[in-house]
Amino acid sequence: MDPIMFIQFVLTGAFRSATPVLFTTLGQTVNEKTGVANLGAEGCMLMGACVGFIVTVQTGSGWLGAIAGALAGGVLSLLHGYLVINCGANQLASGLTLMFLGLGLTALIGRPYVSQQITGFDVVPIPILSDIPFIGPILFRHDVLTYLAYLLVPAIWFFLYRTRWGLSLRAVGESRIAAFSTGRNPALIAYAAVFFGGMMAGLGGAQLSLAYTHFWVEGMTQGAGFIAVALVIFGMWHPVRAAAGALLYGGAVSLQLQLQTLGVGISPFFLQMLPYVLTLAILLVWARASNRAMPAELGRVFTRQT
Amino acid sequence: MTDFLVLDGITKRFGNLVANDQISLRIQKQHVHALLGENGAGKSTLMKILYGVYKPDAGTITLDGKLLNIHSPQASRAAGIGMVFQSFMLIPAFTVIENIALSLRDVGIVVDEKKIEHDIREISDKYRFGIEPRAKVWQLPLGAQQKIEIIKLVMAGARLLIFDEPTSVLAPHEVEGLFDIFNRLRLDGYTIIFISHKLNEVLACSDEITVLRGGRVVGSVVRADATESLLVSMIVGDKTADSSTYARKSIPANVEPVLQVRDLCAKDDRNRPALENISLHILPGEILGVAGVSGNGQKELGEVIQGVRPALSGSIKLAGQEIIHTSIAQIRRTGVTCVPEDPLRQGAVPVMSVEENLALSDASSTQQRDWQRMNWSAARSRASWFTEKFGLKMPRLNVAIEALSGGNVQRIVFARELSAPAKLLLAYYPTRGLDIHAAEIVRLALLDYRDQGAAILLISEDLDELFAISDRIMVMYHGQNVGERLPAEADVQQIGYLMTDGKYTPEQEVEHVAS
Ligand SMILES: Nc1ncnc2c1ncn2[C@@H]1O[C@H](COP(=O)(O)OP(=O)(O)O)[C@@H](O)[C@H]1O
Ligand SMILES: [Mg+2]
């Protein structure tokens with residue numbers, strides 16, 4: 001194949017494959033900024049993918065599906081919020097439980113829909129821009145949810161760093177007691193952020209089933225939720241860097257897919273490991289540097305006073 | 001005169017302990033009103049009630065003629081009350097602007113950082129704070145953080161400013177600056193409540209003084225009527241404050257020093273030189289007092305001796321043995337013990353109970369016959385023995401140590417470190433934040449420890465204390481030993497010059513005599 005074409009395919013695929021992870025990473029960045037990590041993001045993604053698919057099948061509307069998927073992810077994450085914020089549960093334990101709950105629940109309610117077909121979201125090329133050679137197809141020939149994910153990057157950045165709400169939210173993640181003593185309600189803010197994180201994961205899952213694969217199958221996220229949690233660290237809890245991380249991951253996924261279609265003589269199982277190996281490598285290199293940017297309250301158990 | 005703030009019958013209980021017992025208090029407008037009292041007298045609790053952190057069990061608060069219903073810090077701030085806590089409520093990872101924006105009530109949805117920056121600069125210039133609004137808070141010294149807290153309160157529209165032991169984090173020369181700020185604030189119409197247990201500070205800056213003891217008001221006096229002896233008797237009640245000079249021990253001249261440091265160099269956390277060819281020695285049964293403004297290498301000196309911080313060059317001999325390049329455990333075994341600067345964080349496990357913290361470094365409560373099993377009953381009885389000996393007042397011994405007041409934590413860690421014999425004790429500000437009575441107990445314990453033959457490196461910012469109990473005083477300046485004096489022969493001025501200038505020249509001597 002023409003090398004230029006190959007690169008164009010890989011990059012186009014990178015943007016598309018990154019979308020579910022990007023949504024989730026952005027959401028997790030927001031809720032980790034309040035000090036609550038949610039390892040159940042994987043479960044929220046599955047909920048989004050499954051419920052989004054079911055609603056789309058039932059109503060025929062991709063948009064209703066996407067909204068329902070986001071809400072499903074958000075509602076599931078509220079359980080995490082309740083356990084962690086109200087009951088003072090350990091975040092890791094609660095998150096992992098949430099993941100398995102999402103996995104089991106979606107396997108159950110999604111079973112009748114496994115072989116169904118939907119239209120969902122089609123590619124919507126942006127007029128004029130999508131005709132630019134090379135760049136056009138890479139950036140401007142995607143589904144609407146993908147465009148939305150990338151537009152959310154600056155929006156979330158603005159929210160976190162330029163608005164009053166973002167300031168409160170970050171304050172909760174740095175010092176609950178300081179946030180409280182300046183008249184904020186850390187628990188409520190953390191709840192809202194956890195809900196948002198769950199919604200974003202749900203939306204990421206919905207994009208996967210409605211726009212990327214157009215089908216539903218049990219466990220279809222294949223650990224993307226965990227990758228997202230790792231990418232939050234790579235992104236040093238900053239949405240723009242998180243987006244860069246998601247794109248790197250998307251690039252690895254896309255590269256291995258393209259290599260497989262080219263039929264290179266490498267085991268497909270090995271190729272499928274590529275994105276995960278890449279994520280590990282990223283963490284290896286970045287762990288120390290990123291620790292400085294970590295919200296001070298991250299992972300700390302909620303107690304009565306705070 | 002108008003009563004600006006009236007507290008009436010405020011009572012607060014923690015379990016069985018009555019922290020505030022029917023406290024009534026009147027504070028005049030534009031006054032600096034000092035709250036004075038021993039550790040545990042209930043000062044912080046009373047102020048936290050005023051600021052809405054705790055709910056009182058009984059009592060009313062009236063501000064400017066209006067009865068307040070304070071159920072949260074928010075309500076308190078809305079009423080115009082602001083508080084600078086003992087430990088600052090600033091977020092280290094945030095910039096000064098972000099920290100201040102957090103405390104403002106009327107920031108728009110989109111935070112206007114330019115305007116906030118402008119306002120900060122204005123106040124900073126007016127009161128000569130010299131604060132850079134775009135700096136991250138972790139980069140700033142504690143003194144500057146305190147000024148940020150003040151800016152915060154002023155910008156949030158507070159009219160009553162509460163300072164809980166603001167001078168405990170300041171170097172001596174910064175304290176005067178703070179009192180200057182109090183004065184300028186008062187002239188601008190602010191009312192100030194100032195908590196301290198240092199008599200000279202209270203006498204230097206306040207208009208009226210209220211003394212608390214055991215959760216009750218002993219009485220209020222206006223500045224003109226206040227004398228040191230009156231206040232002391234109010235603070236300690238019928239206890240006698242023994243301030244007689246302490247006996248010094250003569251040390252034979254030919255003994256070998258316990259600690260011998262030669263030409264030691266080391267760097268600080270930011271990789272700048274902290275110790276520059278410092279040399280010193282301490283004999284057994286001797287207290288070497290270290291005078292110096294904090295940040296002149298005192299912290300690093302102790303860390304290098306303990307083996308926590310690497311030395312760049314030089315030698316440290318402990319009982320004749322070189323200890324540079326040996327392990328921390330080895331150094332501890334040789335007999336070095338330390339009362340750290342921040343006992344809660346460096347000397348204790350905050351969430352563990354008092355008993356557990358005491359047992360941490362106590363060999364006798366473990367290693368009992370079978371399998372290193374803990375002997376909790378031994379640990380418990382030892383803990384009660386400790387608390388009795390050091391006059392600690394606390395509800396129960398199984399509370400997390402972080403729930404105790406700072407003075408109590410300090411005394412617990414101190415007691416623990418001194419309970420076993422050691423060759424060398426590094427004592428960092430052992431009486432900082434303690435009231436007169438508690439400080440006295442600690443000093444006597446140090447002298448007792450010395451008389452048992454230990455060498456003590458005493459780092460303190462209280463010159464009176466250094467003069468009272470040191471056998472020798474050394475001044476540290478820019479990581480060097482710039483002079484040693486015998487307390488009997490030196491005077492405070494000399495030491496003061498050495499501390500601030502690193503030298504004491506004949507011209508200064510002339511100036512000093514002339515003035
Ligand atoms: N949250 C708390 N729980 C239990 N006891 C407390 C608490 N806060 C303070 N105390 C106790 O109340 C008493 C008064 O403490 P505090 O007001 O901090 O004294 P001060 O500020 O005068 O040193 C002390 O005996 C202290 O141990
Ligand atoms: Mg106090």
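**Salt bridges, contact and patch**

Reply: At 47% relative accessibility, B:Arg332 counts as partly exposed. Buried means under 20% relative accessible area, exposed means over 50%, and partly exposed lies in between (1.4 Å probe, protein chains only). This is a predicted model: local features need pLDDT of at least 70, side-chain atom pairs count only at pLDDT 80 or more, and totals for chains, interfaces and linings use all residues. Residues are numbered from 1 along each chain as its sequence is written, chains are lettered from A and ligands numbered from 1 in the order in which they are written, and side-chain values use heavy atoms, with hydrogens and water left out.

Me: What does the side chain of B:Arg332 meet in a salt bridge?
Reply: The side chain of B:Glu417, at 3.7 Å, N to O. A salt bridge here is a side-chain nitrogen of Lys or Arg within 4 Å of a carboxyl oxygen of Asp or Glu.

Me: Is B:Glu417 buried or exposed?
Reply: Buried, with a relative accessible area of 7%.

Me: How many salt bridges over all chains?
Reply: The search finds 25. One of them joins B:Lys152 and B:Glu149, with the closest N and O atoms 3.4 Å apart. Those two are 3 residues apart in helix α5 of chain B, so about one helical turn separates them. B:Lys152 is buried at 7%, and B:Glu149 is buried at 3%.

Me: And B:Arg121, what does its side chain meet?
Reply: B:Glu132, in a salt bridge of 3.5 Å, N to O. B:Arg121 is in helix α4 (residues 113-126) of chain B, while B:Glu132 is in the loop between α4 and α5 (142-155) of chain B. B:Arg121 is partly exposed at 33%, and B:Glu132 is partly exposed at 37%.

Me: New topic. How much do chain A and chain B bury between them?
Reply: About 1,700 Å², 67% of it on carbon and sulfur atoms. Buried area is the accessible area (1.4 Å probe) that two parts lose on being put together, summed over both. Chain A gives 19 residues to the contact and chain B gives 18. Contact means heavy atoms within 4.5 Å.

Me: What about a nonpolar surface patch, which residues make it?
Reply: A:Ile4, A:Ile7, A:Leu11, A:Leu129, A:Ile132, A:Phe134, A:Ile135 and A:Leu139, about 610 Å² of it. Patches take residues with over 30% relative accessible area and no salt bridge; like charges are joined within 9 Å, nonpolar side chains (Val, Leu, Ile, Met, Phe, Trp, Tyr) within 5 Å. Accessible areas come from the Shrake-Rupley method with a 1.4 Å probe; for residues, only the protein chains shown count as cover.

Me: Which helix gives the largest share?
Reply: α1(A), with 3 residues.

Technical notes. Helices (H or I, at least four residues) and strands (E, at least two) are DSSP runs, numbered from the N terminus.
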